[in-house]
Amino acid sequence: MDDESHAQVRSRNDMWVLICEARDSLPPCKTEMYCNGRCQKLAWGRHRRKCTVDLIRKVEKERVRVGRDDEAVAAAAFKVGRLFKAQDRFDEGAEWMLEALRIYRLVHGESHESVRATLGTLGDIYRRQGKLEEALKTQKQALRIARRVHGDESKEVANALNNVASSFEKQGFYDRSMEKYEEAHDIFRSL
């Protein structure tokens, strides 16, 4: 059996299922099903990048290895949250981002790049969920930290301004949104 004989089909619950000609058994990964061990092994490299089960397992390993409130746990939780966000699983993504944020604040305090990045991602999740007031509040926090950490004329500040502008736009505050977009544009042009 070769890779050509496999086809990807989207199941009803939005999980990918690989199907091939030889369906003798279905070893699970919890998010994908495979026809046999060989099929699973062939697909693992591609699947691993989007496997939330594998990433959550890594978070748990880090908790055991370094403790509950270590930066390595926060980094692993951030990756899980970002993956859930990419899969449009926003409630789960927000939960993992909040865990990463809690640890980053505990380890680094409020004015740190990791806190800013986590707040920015969390704000984007809130915006996509339609929680527009929370999104704007979170994006403004990320912008304040970006200014403190990187200065007023940085790529990080410009990106944070774009995120704030997008939140204003979603709420219908078009004048305020345009001001932030223009400020971000000016910074990008100066870089």
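Here's a quick briefing on the charged side chains in this structure. Keep in mind that the model is predicted. In total, it holds 14 salt bridges, and there is also a surface patch of negative charge.

**Pairs**

- Take Glu62 and Arg65 to start: their side chains meet in a salt bridge, with N to O at 2.8 Å. Both sit in helix α2 (residues 52-66), three residues apart, so about one helical turn separates them. Arg65 counts as exposed because its relative accessibility is 58%, and the cut-off for exposed is over 50%.
- Lys85 and Asp124 make another salt bridge, their closest N and O atoms being 2.9 Å apart. Lys85 belongs to helix α3 (residues 71-86) and Asp124 to helix α5 (residues 113-129), so this pair ties together parts that are 39 residues apart in sequence. Lys85 and Asp124 are both buried.
- Then there's Arg147 with Asp152, a salt bridge whose closest N and O atoms are 3.3 Å apart. Arg147 is partly exposed at 25% relative accessible area, and Asp152 is partly exposed too, at 45%.

**Network**

- Some salt bridges link up into a network, which takes in Glu60, Arg63, Arg68, Asp69, Glu99 and Arg102.

**Negative patch**

- On the surface, Glu153, Asp175, Glu179, Glu182 and Asp186 gather in a patch of negative charge. One of these residues, Glu179, has its place in helix α8 (residues 174-190).

Technical notes: Residues numbered from 1 in each chain as written. Predicted model: local features only at pLDDT ≥ 70, side-chain atom pairs only at ≥ 80, totals over all residues. Heavy atoms only, no water. Patch = residues over 30% accessible without salt bridge, like charges linked within 9 Å, V, L, I, M, F, W, Y side chains within 5 Å. Areas by Shrake-Rupley, 256 points an atom, 1.4 Å probe, with all protein chains shown as cover. Salt bridge = Lys/Arg side-chain N within 4 Å of Asp/Glu carboxyl O. Lys, Arg positive; Asp, Glu negative; His and termini not counted. Charge placed at Lys NZ, Arg CZ, Asp CG, Glu CD. Helix = DSSP H or I, 4+ residues; strand = E, 2+ residues; numbered from the N terminus. Buried < 20%, exposed > 50% of the residue type's maximum accessible area, 1.4 Å probe, protein only.
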